[in-house]
Amino acid sequence: MQSKKTFDKKPIILMGALNSECGLITDALTDRESFIYGDCKFTEGYLDGYPVVTVMSLMGQVNAAFATTLVIGIYNPKCIIFNGTAGAHDPQLHQGDIILGENIVTTRGYFTPQKAEGEGLGGPDEFEYFGCEMIIEGEDKSVKYFQSDENLLKIAEKIPCHTGKLRRGTVLSGDFWNREIDRLKFYRSSFGSDCEEMEGFPIAQICAKLDCPFLLIRIISNSEYYPEELFDEIFGVKCQEYTIEVMREMIRETV
């Protein structure tokens, strides 16, 4: 795959799993051109005169990893922003609150307890978390969490959130939609997780491998603690309204 445009600057990449998480920003681009590759939708264009590529990756960790690897290899971007919806782990969070993913952890990378036949299955509170393997400065290490870029976090914190609270937090990432309160409490007590989603960890891991600045932005779209706060994709649009102002601030600080 090759880019359709020749940019004179490293583009900002904006990723979302669904159209409700990237369509508004895609439509805001000027001189845009869209194409599909490997079932990801790419749109190249300009925001306030600066090159931007939006990517709809589809949901899940493999889709996110595939799209991230492609965009870094093709565009050598200035940074990658992934924005979208998340379910609350912290009962103090409500629909419309935005979490900047200072720390990103995952539901994969566990040893289960050793049990003989007939002894049943171990519960999550018996799992041992070992993280993921990476080579860092020539050494094989187990990495248990990744972080958004500090400079990008500081830029994002300058932008007011009009839908609720805005704060840094810990985002749990995995191919699950957890709806059991006890499981949510387990993850929160184990990792200090504020919310959960499906794509952030593999994107952060690949960005760390390939030295690409990364920022994770998640808006609370639902909370199992409050039955009236059911998932609504409108919050993906509201997250984009915040994210596009973050992108504009990045552009202002670049030019």
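A: Helices (H or I, at least four residues) and strands (E, at least two) are DSSP runs, numbered from the N terminus. This is a predicted model, where local features need pLDDT of at least 70 and side-chain atom pairs count only at pLDDT 80 or more, while totals for chains, interfaces and linings use all residues. Residues are numbered from 1 along each chain as its sequence is written, and side-chain values use heavy atoms, with hydrogens and water left out.

Q: OK, at what angle do helix 2 and helix 5 pack, and how far apart are their axes?
A: The angle between helix 2 (residues 61-75) and helix 5 (residues 200-209) is about 30 degrees, and their axes are 8 Å apart. That makes helix 2 roughly parallel to helix 5. For the cut-offs, angles under 35 degrees count as roughly parallel, over 145 as roughly antiparallel, 65 to 115 as roughly perpendicular and the rest as oblique.

Q: Is that crossing of helix 2 and helix 5 left-handed or right-handed?
A: Helix 2 and helix 5 cross in a right-handed way. A crossing is left-handed if the near helix is turned anticlockwise from the far one by less than a right angle, and right-handed if clockwise.

Q: Which residues of helix 2 and helix 5 meet?
A: From helix 2 you get Q61, A64, A65, T68, T69 and I72, and they meet F201, P202, I203, I206 and C207 of helix 5. Contact here means heavy atoms within 4.5 Å. By class, this contact of helix 2 with helix 5 has eight nonpolar, three polar and no charged residues. Ala, Val, Leu, Ile, Met, Phe, Trp, Tyr, Cys and Pro count as nonpolar, Asp, Glu, Lys and Arg as charged, and the others, Gly among them, as polar.

Q: How many residues are in helix 2, and what's its reach?
A: Helix 2 has 15 residues and spans 21 Å from first C-alpha to last, close to the 21 Å expected at 1.5 Å a residue. The expected span is 1.5 Å times one less than the number of residues.

Q: Which residues of helix 2 are buried?
A: The buried ones in helix 2 are Q61, A64, A65, A67, T68, L70, V71, I72 and Y75. Buried means under 20% relative accessible area, exposed over 50%, and partly exposed in between (1.4 Å probe, protein chains only).

Q: What does Q61 touch?
A: Not counting residues up to four places away in sequence, Q61 touches T106, R108, S173, G174, D175, M198, F201 and P202. Q61 has a relative accessible area of 8%, so Q61 is buried.

Q: And what follows helix 2?
A: That's N76, with a positive phi near 45 degrees. N76 sits in the loop between helix 2 and strand 5 (79-88), and at 45% relative accessibility N76 counts as partly exposed.

Q: Back to the other end of helix 2. Where is S57 found?
A: S57 is in the loop between strand 4 (50-56) and helix 2. At 0% relative accessibility, S57 counts as buried. Leaving aside neighbours within four places in sequence, the contacts of S57 are M15, G16, A17, C40, N63, A64, A67 and F82.

Q: New topic: at what angle do helix 1 and helix 6 pack?
A: Helix 1 (residues 19-28) and helix 6 (residues 234-254) pack at about 45 degrees, with axes 8 Å apart. Helix 1 and helix 6 are therefore oblique to each other. Helix 1 passes helix 6 in a right-handed crossing.

Q: Which residues make that contact?
A: N19, S20, E21, C22, G23, L24, I25 and A28 of helix 1, with G236, V237, Q240, E241, T243, I244 and M247 of helix 6. The contact of helix 1 with helix 6 divides into seven nonpolar, six polar and two charged residues.

Q: Is N178 buried or exposed?
A: N178 counts as buried, at 8% relative accessibility. N178 is in the loop between strand 12 (166-173) and helix 4 (181-191).

Q: Last one: what's phi for D39?
A: Phi of D39 is near 65 degrees, a positive value in a residue other than glycine. D39 is in the loop between strand 2 (30-37) and strand 3 (40-47), and at 45% relative accessibility D39 counts as partly exposed.

Key: Axes fitted to C-alpha atoms, helices over the stretch in contact; angles between N-to-C directions.
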